[in-house]
Amino acid sequence: MLIAGFPAGAWGTNCYLVAPAAGEECVIIDPGHQAAQGVEEALAKHRLKPVAVVLTHGHIDHVASVVPVCGAHDVPAWIHPADRYMMSDPEKALGRSIGMPLMGELTVGEPDDVHELTDGAALKLAGMELTVAHAPGHTKGSVTFQMPEAADIPPLFFSGDLLFAGSIGRTDLPGGDMDEMLASLARVCLPLDDSTVVLSGHGPQTTIGRERAANPYLREMATGQGGPLGTPRRGM
């Protein structure tokens, strides 16, 4: 398994290229702000051929490079229908302007081919299987992608802005909801094996076991204590 990841743009959003091995087909996850050049460099370095772009949610810091990346390689993009509008109207998704200088750098809109994600779907792409889990809370259409354990890797969990190392996604933007966020964490994250590697939308990788023990949100739910912990503010 090959995973090439890099933080891109003004928000340091993690973009991932995932393939069975170098020289094979790959899936691109969350090509966000200023990610197109990094994607091209990773494709060339590892001799990869993209077959699809898959998106954990619709915020501009995760989708800003979807149109150029999909257009350059004639591949479809996959997104949950509740977040699809954000590709064409990013400011509505944030409830405020993100700034004219930044907007001037973006190609707003949808790629030519868009497929919609559904909860529990198993995407068979590039010789791999990604299982989709709808996980609202950060946005109404947030999803995660799980990949099963393989011979050379533990289970993988692409969490988007649901779960971070030591924190969780913010819920103070339009479509955010803390009750939905906590329900998604309990339903999607807590059942995962401790060995599962978490590759999130921002920040370093972690594991479910580490977050179950140290992340205050998961720890409180795992012990059944609950209680308000404030609103996290990482990412967009």
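Mentor: Start with contact, which means heavy atoms within 4.5 Å. Keep in mind that this is a predicted model. Now apply the term: α6 lies across β8 (128–134), β9 and β10. The helix runs at about 145 degrees to β8.

Trainee: What order do the strands take in the open sheet that holds β8?

Mentor: The general idea comes before the case. Strands of a sheet pair through backbone hydrogen bonds, either parallel or antiparallel. Here the order is β7-β8-β9-β10-β13-β14, an open sheet of 6 strands with mixed pairing. β7 (122–125) and β14 (206–207) are the edge strands; each has a single partner, so one side of each lacks a neighbour in the sheet.

Trainee: Do β9 and β10 run parallel or antiparallel?

Mentor: Antiparallel. Strand β9 (residues 143–147) and strand β10 (residues 156–160) are joined by 3 bridges. Look at Q146: its bridge partner in β10 is F157.

Trainee: What is the strand order of the open sheet that contains β1?

Mentor: Read β1-β2-β3-β4-β5-β6, 6 strands with mixed pairing. β1 (2–8) and β6 (114–116) stand at the edges, and each has a single partner strand, so one side of each is left without a neighbour in the sheet. On average, neighbouring strands of this sheet are turned by 25 degrees against each other, direction ignored.

Trainee: In which sense do β4 and β5 pair?

Mentor: Parallel. Strand β4 (residues 49–54) meets strand β5 (residues 77–79) over 2 bridges. V53 stands opposite A77 in β5. Helix α3 (residues 66–73) packs on this sheet and touches β3, β4 and β5. The direction of α3 makes about 145 degrees with that of β4.

Trainee: Which strands does α1 lie across?

Mentor: Helix α1 (residues 36–46) lies across β1, β2 (13–19), β3 (25–29) and β4. Against β1, α1 runs at about 155 degrees.

Trainee: Now a helix pair. At what angle do α6 and α8 cross?

Mentor: Two packed helices are described by the angle between their axes and the distance between the axes. For helix α6 (residues 178–189) and helix α8 (residues 216–223), the axes cross at roughly 70 degrees and come within 11 Å. Angles of 65 to 115 degrees count as roughly perpendicular, so α6 is roughly perpendicular to α8.

Trainee: Which residues make the contact?

Mentor: From α6, L182, L185, A186 and C189. From α8, Y217, L218 and M221. By class, the residues of the contact of α6 with α8 are 7 nonpolar, no polar and no charged.

Notes
Residues numbered from 1 in each chain as written. Predicted model: local features only at pLDDT ≥ 70, side-chain atom pairs only at ≥ 80, totals over all residues. Heavy atoms only, no water. Pairing = 2+ DSSP bridges. Helix = DSSP H or I, 4+ residues; strand = E, 2+ residues; numbered from the N terminus. Axes fitted to C-alpha atoms, helices over the stretch in contact; angles between N-to-C directions. Parallel < 35°, antiparallel > 145°, perpendicular 65-115°, else oblique. Nonpolar A, V, L, I, M, F, W, Y, C, P; charged D, E, K, R; others polar.
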